[in-house]
Amino acid sequence: MSYTIETLTSMNDDVFDTLYAASYPKIEEGNTMPWHQYDAETSGPILYDEKKRIFKEIFDIVLRAGDDNNKVYVTYKDGTPIRMLNAGIRRDGVLGCLYQLVAPDSLGSRAWLYDHVLVRQTRDQFITDFDNTSHTMEIVSDSSMRAYYMLRPLPDCYSSIIETQADGISTMIITYSGD
């Protein structure tokens, strides 16, 4: 088993389509994004294609900007795309992980989310690209992604996860260990 983290310079439509389709059931649970903000703009609930367009635009904005402070990554497990995420330096100078699409591996499992090898490899990629010692995430408080971060054993490459909650949003500061 091996992981590869690729930094994108342009959108790979086939990979995006695959990851979006695999992520859609979680997206539809309604606890991944504040969709009500978009619903207000469209006068009704937004459906699969519109949500797909919104996610793609989020990643495309980062890719079009082409600056060193923001990146889009695709992670592969044994050649199968399993994650697309964007990360960047926020105005306050903190690295933030903003959006991600998460898919099962070739065996249909998302157990890779708990793989300390990939957690460490992602941390090392962030250190290389951004020269940082921590990153921040904002997640809907009642989401499965929040539960994943708060309930899993702390990977050895993290020294702490500090969480604050306000208005249904969890903000997590994930600090890396010194190794």
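Trainee: How many of the 8 residues of strand β2 (residues 70–77) are buried?

Mentor: Buried means under 20% relative accessible area, exposed means over 50%, and partly exposed lies in between (1.4 Å probe, protein chains only). By that rule, 7 of the 8 residues in β2 are buried, leaving the strand mostly covered. Keep in mind that this is a predicted model: local features need pLDDT of at least 70, side-chain atom pairs count only at pLDDT 80 or more, and totals for chains, interfaces and linings use all residues. Residues are numbered from 1 along each chain as its sequence is written, and side-chain values use heavy atoms, with hydrogens and water left out.

Trainee: Which elements does the protein have, and in what order do they run?

Mentor: Helices (H or I, at least four residues) and strands (E, at least two) are DSSP runs, numbered from the N terminus. Here there are 5 helices and 7 strands. Starting at the N terminus, the order is β-α-α-α-β-β-β-α-β-α-β-β. Of the 179 residues, 44% count as buried.

Trainee: Back to β2. In which sense do β2 and β3 pair?

Mentor: Strands pair if DSSP finds at least two bridges between them. β2 and β3 (80–89) are antiparallel, with 8 bridges. β2 also runs antiparallel to β1, and 5 bridges join those two. You can follow this through T75: I5 stands opposite T75, and T75 in turn stands opposite R83 in β3.

Trainee: What lies between β2 and β3?

Mentor: The two strands form a hairpin with 2 residues between them. Look at D78 in that turn: its phi is positive, about 50 degrees, although D78 is not a glycine. D78 is partly exposed, with a relative accessible area of 45%.

Trainee: Where is D131, and is D131 buried or exposed?

Mentor: D131 sits in the loop between α4 and β5. At 69% relative accessibility, D131 is exposed. D131 too is a non-glycine residue with a positive phi of about 50 degrees.

Trainee: How do I read a nonpolar core, and which residues of the largest one touch the most other members?

Mentor: A nonpolar core is a set of buried Ala, Val, Leu, Ile, Met, Phe, Trp, Tyr and Cys residues joined through side-chain atoms within 4.5 Å. The largest one has 26 residues, and Y73, A87, W112, F126, M137, Y149 and Y158 touch the most other members. β1, β3, β4, α4, β5, α5, β6 and β7 each supply at least two residues. With 4 residues, α4 gives the most. Apart from this core lies another of 18 residues, including L19, F59, Y76 and L101.

Trainee: What is Y73 in contact with?

Mentor: Contact means heavy atoms within 4.5 Å. Leaving aside neighbours within four places in sequence, the contacts of Y73 include I5, R83, A87, F126 and F130.

Trainee: What do the rings of Y73 and F126 do?

Mentor: Rings of Phe, Tyr and Trp (its six-membered ring) pair if their centres lie within 6.5 Å; planes under 30 degrees apart count as stacked, over 60 as edge-to-face, and the rest as tilted. The whole structure holds 9 aromatic pairs. F16 and Y20 have ring centres 6.1 Å apart and planes at 15 degrees, so they are stacked. Both sit in helix α1 (residues 13–28), 4 residues apart, which is about one helical turn. Now your pair: the ring centres of Y73 and F126 are 5.9 Å apart with planes at 50 degrees, so this pair is tilted. It links distant parts of the chain, as Y73 is in strand β2 and F126 is in helix α4, 53 residues apart. Y73 and F126 are both buried. Ring pairs also link F16, Y20, Y24, Y48, F55, F59 and Y99 into a cluster.

Trainee: Last one: which residues of helix α5 (residues 144–151) are buried, and where do they point?

Mentor: An α-helix has 3.6 residues a turn, so residues three or four places apart point the same way. In α5, the buried ones are M145, R146, Y148 and Y149. Down the axis of α5 they fall within an arc of 155 degrees, so they line one face of the helix. The arc is taken from the directions from the helix axis to the C-beta atoms. Their cover includes β4 (95–102), α4 (116–130), β5 (134–140), β6 (158–166) and β7 (169–176).
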